[in-house]
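Good morning, everyone, and thank you for making time for this.

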Amino acid sequence: MYNERQKKIIHHLSEVRVAKIEELAELFHVSMETIRRDLMELEKDSSIKRIRGGAVYNNLRAREMELSCNCQ
């Protein structure tokens, strides 16, 4: 399952729709490599779609995951 930062990344992308790795690293106070690893994990479940230099929100799957995380 997702860690807290990954849940926050999904939530952030749900609001802004697209974000650069540099922006996410600054926002969450972690390295760009950490964000890259997080994005790779999130993409495995189709919560987000990685693009060159960042990520975009995958509406349907991410919304499902966001709702399931809030229920616990």
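This is a predicted model: local features need pLDDT of at least 70, side-chain atom pairs count only at pLDDT 80 or more; totals for chains, interfaces and linings use all residues.

Let me begin in the loop that runs between β3 and α4 (59–71), where we find Asn58. Asn58 has a relative accessibility of 29%, so it counts as partly exposed. Although Asn58 and Ile10 are 48 residues apart along the chain, their C-alpha atoms are separated by 9.2 Å. A second pair of this kind is Glu15 and Tyr57, which lie 42 residues apart in sequence and 8.8 Å apart in space, taken from C-alpha to C-alpha. Glu15 belongs to helix α1, and with a relative accessible area of 54% it is exposed.

With those two pairs in view, let us step back to the whole chain. The protein chain has four helices and three strands, and if you read along the sequence they follow the pattern α-β-α-α-β-β-α. Of its 72 residues, 36% count as buried. If we take the contacts in the chain with a separation of 6 or more, residues 24 or more positions apart account for 51% of them.

Now to the interior. In general, in soluble globular proteins, nonpolar side chains tend to be buried together. Here the largest nonpolar core has 15 residues, and the ones that touch the most other members are Ile9, Leu13, Leu24, Ile35, Leu39, Leu42 and Ile48. Two or more residues of this core come from each of α1 (4–16), α2 (21–28), α3 (32–44) and β3 (54–57). Which element gives the largest share of the core? That is α2, with four residues.

As background, an α-helix has 3.6 residues a turn, so residues three or four places apart point the same way.

The next point is how the helices cross. The axes of α2 and α3 come within 9 Å and cross at roughly 105°, which means that α2 is roughly perpendicular to α3. On the α2 side the contact is made by Ile21, Glu22, Leu24, Ala25 and Phe28, and on the α3 side by Met32, Ile35, Arg36 and Leu39. Sorted by class, this contact has seven nonpolar residues, no polar ones and two charged ones.

Turning to α1 and α3, their axes come within 10 Å and cross at roughly 75°, so that α1, too, is roughly perpendicular to α3. Here Arg5, Gln6, Ile9 and Ile10 of α1 meet Thr34, Ile35, Asp38, Leu39, Glu41 and Leu42 of α3. By class, the contact of α1 with α3 has five nonpolar, two polar and three charged residues.

One more residue of α1 deserves a look, and that is His12. Is His12 buried or exposed? Its relative accessible area is 19%, and because buried means under 20%, His12 counts as buried. Leaving aside its neighbours within four places in sequence, His12 is in contact with Ala19, Leu24, Leu27 and Phe28.

I will finish with the backbone. Most residues other than glycine have a negative phi, and against that background two residues stand out. His29, which follows α2, has a positive phi of about 55° although it is not a glycine. This residue is found in the loop between α2 and α3, and with a relative accessible area of 71% it is exposed. The other is Ser46, where phi is near 60°, again a positive value in a residue other than glycine. Ser46 lies in the loop between α3 and β2 (48–51), and at 34% relative accessibility it counts as partly exposed.

Terms used. Residues are numbered from 1 along each chain as its sequence is written. Side-chain values use heavy atoms; hydrogens and water are left out. A nonpolar core is a set of buried Ala, Val, Leu, Ile, Met, Phe, Trp, Tyr and Cys residues joined through side-chain atoms within 4.5 Å. Buried means under 20% relative accessible area, exposed over 50%, partly exposed in between (1.4 Å probe, protein chains only). Axes are lines fitted to C-alpha atoms, for helices over the stretch in contact, and angles run from 0 to 180 degrees between N-to-C directions. Angles under 35 degrees count as roughly parallel, over 145 as roughly antiparallel, 65 to 115 as roughly perpendicular and the rest as oblique. Contact means heavy atoms within 4.5 Å. Ala, Val, Leu, Ile, Met, Phe, Trp, Tyr, Cys and Pro count as nonpolar, Asp, Glu, Lys and Arg as charged, and the others, Gly among them, as polar.
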